Amino acid sequence: MNNSMKLPQKLMLLGSGELGKEFVIAAKRFGNYVIAVDRYANAPAMQVADCSEVISMLSADDLEAVVSKYQPDFIIPEIEAIRTEKLLEFEHRGITVIPTAAATNYTMNRDRIRELAHKELGIRTAKYGYATTLEESVAVSDEIGFANVVKPVMSSSGKGQSVVKEKSEVEKAWNYAIANSRGDSQKVIVEEFIDFEIEITLLTIKQWNAPTIFCSPIGHRQERGDYQESWQPAEVSEQMILEAQEIATKVTDALGGAGIFGVEFFVTKDEVIFSELSPRPHDTGMVTLISQNLNEFELHLRAILGLPIPHIEQLGYSASAVILATEKSDFIAYTGVAEALSEKDVDIKLFGKPNAHPYRRMGVALAKGSDIQEAREKANRAASKIKLKYQP
Ligand SMILES: Nc1ncnc2c1ncn2[C@@H]1O[C@H](COP(=O)(O)OP(=O)(O)OP(=O)(O)O)[C@@H](O)[C@H]1O
Ligand SMILES: NCC(=O)N[C@@H]1O[C@H](COP(=O)([O-])[O-])[C@@H](O)[C@H]1O
Ligand SMILES: [Mg+2]
């Protein structure tokens, strides 16, 4: 990638949710041409892109059809559920896949990325094992001990994940993981439960022709394996930040390419433990929509296009809190937006998802405060003011 790249570039986004929407806005601000692709029509990023396509991204034929039709310069995965083997083929044909086709394959399989991090790179992770049958699941669970966390090797946003506190719960966790596994995979990872003090996302920006740089760490709180709120800066010592940066550099160097990565860590009293990473903007990184001079989507875009990132400025104590649906409905309207916005340094993003189901993330509230606690309270207060209406 050279510094004299011309704009506009033709970008194909595979996955068009809330993260893609903000990325498209950043890309359009530099006049790029964006094709937004997803499994359903009128997805958030499609609403701001030049054009859109609805396909099964798990189908090699469907991917071939859209790539042949548009001949993009870049393919930018936005979700994990993609036929990543096909991305390797596109890469061989000279299309740049972000960050690399291999990286998307490693990270969509928990076992592959875990083997790379732990076995090949020697990075500290939670103790873990794999199971492909209920019997193996029982044996691995005994070996790892209780509590442990069971997850399908292919899933995201906590789908199919459960915490197993004792042996009698193993079967339920196995069944739940298999029922919620993506594709036809019948494999789970069983991880030692880490009783962390805080978990963080370290947004790591890998560039084509410049050193890797980092954002200030983001703290977050999850429920059901899904993010509820995040804040920046996270309360982590300078020493631990350096350790996390070193690990993030090791893993992202091994994956290669360019773009932003959300590298997740559990931080205990005296350890930084690598968990997993997204080779793309991270949901907890939505806080950067208010907390930085360049948000994670703008950073991703600059890294992809080889544009300079001279300085990332953290703008002070900031937080995000999610707005979740509670019902299944094809009609959604929002009330309480004015009330939410009435407080100083508060912002709301409504993603524009065309339908809802329980726990689906529909929007996010953002806030700044005089300390982290105030920022978190403001963001949560604003989120709680937004009410979803499910009937016309
Ligand atoms: N070994 C563990 N010990 C303690 N908590 C864990 C462990 N593994 C996962 N969790 C909790 O569950 C959350 C989700 O787990 P993980 O990130 O592995 O799932 P995911 O489905 O990939 O989520 P996402 O796609 O949103 O990143 C973690 O952020 C953490 O809060
Ligand atoms: N943790 C991954 C993540 O947050 N991904 C984001 O959620 C969207 C899917 O939302 P949906 O399930 O509501 O369609 C994805 O398209 C992406 O923007
Ligand atoms: Mg995660």
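These points concern the fold, domains and nonpolar cores of a predicted model.

1. Overall make-up. Twelve helices and 20 strands form the secondary structure of the chain. Its radius of gyration is 20 Å, close to the 21 Å that the globule rule gives for 392 residues, so the chain is as compact as a globular protein of that length. The C-alpha trace spans about 55 × 50 × 50 Å along the principal axes of the chain.

2. Burial and contacts. Buried residues account for 45% of the 392 in the chain. Of the contacts between residues at least 6 apart in sequence, 63% join residues at least 24 apart.

3. Domains. The chain is divided into domain 1 (10-97), domain 2 (127-192) and domain 3 (198-389). Between the C-alpha centres of domain 1 and domain 2 the distance is 32 Å.

4. Largest core. The largest nonpolar core contains 86 residues. Leu13, Ala36, Phe265, Ala365 and Ala379 have the most contacts inside this core. Because domain 1 (10-97) and domain 3 (198-389) both give residues to the core, it lies between them.

5. In soluble globular proteins, nonpolar side chains tend to be buried together.

6. Contacts of Ala379. Which residues does Ala379 touch, not counting those up to four places away in sequence? They are Glu229, Ala319, Ser320, Ala321, Ala365, Leu366 and Ala367. One of these, Ala365, is itself listed with Ala379 among the residues with the most contacts inside the largest core.

Conventions. Residues are numbered from 1 along each chain as its sequence is written. Chains are lettered from A and ligands numbered from 1 in the order in which they are written. This is a predicted model: local features need pLDDT of at least 70, side-chain atom pairs count only at pLDDT 80 or more; totals for chains, interfaces and linings use all residues. Helices (H or I, at least four residues) and strands (E, at least two) are DSSP runs, numbered from the N terminus. The radius of gyration is taken over C-alpha atoms; the globule rule is 2.2 Å times the number of residues to the power 0.38. A residue is buried if 20 or more other C-beta atoms lie within 10 Å of its own, exposed if 12 or fewer, and partly exposed in between; C-beta atoms are placed from the backbone. Two residues are in contact if their C-beta atoms, placed from the backbone, lie within 7 Å. Domain bounds come from an automatic or database domain assignment. A nonpolar core is a set of buried Ala, Val, Leu, Ile, Met, Phe, Trp, Tyr and Cys residues joined through C-beta atoms within 7 Å.
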